[in-house]
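Subject: Structure handover, pockets and a hairpin

Hi,

Here is the structure for your files. Please open it alongside these notes.

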Amino acid sequence: AEAAPYAGEDADVSLRLERRFRGELESEALTTLYDRTEVPLVEVLAGLEYEGIRVEPDELDRQREGLQVRIEELRQSIVEAAPHAFSPDSPKQLAVALFNLPSAEPPGLGIKPLKKGKTGPSTDAEVMEKLADDPNVQTPIPSLILEYRQLTKLVNTYLLALKAAIRPETGRIHASFNQTVTATGRLSSSDPNLQNIPIRTEVGRQIRRAFVAEPGHVLLAADYSQVELRMLAHLSGDQNLRAAFHRGDDIHAAVASEVMGIPLDEVDAAARTTAKMINFGIVYGVTAYGLARRLGADTDIPRADQIIADYKARFPGIKDFLEACIEQARTEGWVSTILGRRRSIPQIHARNPQERSQGERMAINTVVQGSAADLIKRAMIDLHEALPGVNPRARMILQIHDELVFEVPEGEVESVASIVRERMEKAMDLTVPLLAEPSWGPSWADTK
């Protein structure tokens, strides 16, 4: 509603703020985004927070107890492999054990430090991974430390914290979903962060087994297939990338075929992995150094630079699009998403080259990732409006970036899956097809 005229100090503060910020929204052409996406989304997110998701504390305990056994085994192996007793939980003590000379007190293994931290040689994950992969480093400690850290983080950050977050009254976790935290427009989650449940390792994926449906229900999950790459194809207008999506190609294999000049049916796993790294790296403005790190020891920086150059040559629309994003940031000071969300990029004018490069990467990432965030918000609003009239007992309960999770009565899951797929795939009219893939089961882990 239009704010009432200001009538002195007793005027309602919220109305005064609405009048102030409404004018700013209008001046930056943001009223449509605000009125048709962000405001309707408030009700959707309130529903997610109210519903929550059921979590089995016994399953969390079972996993924790199993991991504790392995953690203790790792701790013992680490200490036995070291030249003196130390705590694997202390980065400083670990550095001494690895990098001190054997003649020092206390003695170490004499490994050459790879980089410096604030308090001495670094023992971060990057250093441990490099040492673990180095054939000249004979000790098993780096690889043991990587597993030890992974498992202790799973126990402390997830298994214990998730159990503590279960509301006794409901048996469910009611996380918060935040619209105004990320700079790209993506939703974030907190108290606890359910968008950060690890899925890259089998041990991490098992945590989702504790997230279950109520009796007589199943969890239905639907995620967009390669949504940021599809958005990149739409925004860039690149004909080669668009054609690959329209043909229904394996997009990573198709890119490998284009960039490496080999027939599609001859693309092997290694070539596909390289193309996958390039595809996702391009969305985040990857540098040659960054791509070389992702591809591993077999790829040096000049080779990575050539791979990126070949990619841009085969997909000229993408190259032009990336340059346009950066140029807009330079000339306007901001970039915008498909629905008009703006983000200021002051780093683009920094004197420091590294900070300036960071600004260029932010400009690219914001447009692509932010537009994908716009898309799933529109899908959430559409489904929130559609489901009550067709399947009133189905509930949207989670959003994990490009994935939506619903709790659905068992007998209605196929009809709900059909509606979810349809609404997600038609949430925006893009120049490439959108693909949503629903699956369901008794637990979140069973939906994959």
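The model is predicted, so to say: local features need pLDDT of at least 70, side-chain atom pairs count only at pLDDT 80 or more, and totals for chains, interfaces and linings use all residues. Numbering starts from 1 along each chain as its sequence is written, and side-chain values use heavy atoms, without hydrogens or water.

**Largest pocket**
The largest pocket holds about 1,700 Å³ of space. A pocket here is an open set of points on a 1 Å grid over the protein atoms alone, where a 1.4 Å probe fits, with protein on both sides within 12 Å along at least five of seven lines; lining residues have an atom within 4 Å of a point. Its lining has 43 residues, and Arg186, Ile199, Arg200, His401 and Asp402 lie nearest the centre. Elements that give two or more residues include α6 (141-165), α15 (353-390) and β11 (395-400). Helices (H or I, at least four residues) and strands (E, at least two) are DSSP runs, numbered from the N terminus.

**Second largest pocket**
About 730 Å³ lies in the second largest pocket. It is lined by 24 residues. α12 (288-295) gives the most, with five residues.

**Hairpin**
Five of the six residues of β11 are buried (under 20% relative accessible area, 1.4 Å probe, protein chains only). β11 runs antiparallel to β12 (residues 403-409), joined by five bridges; strands pair at two bridges or more by DSSP. Two residues separate them in the hairpin, and His401 in the turn has a positive phi of about 60°.

Best wishes

Notes. Grid points are joined across faces, edges and corners, and a volume is the space filled by probe spheres set on the points. Buried means under 20% relative accessible area, exposed over 50%, partly exposed in between (1.4 Å probe, protein chains only).
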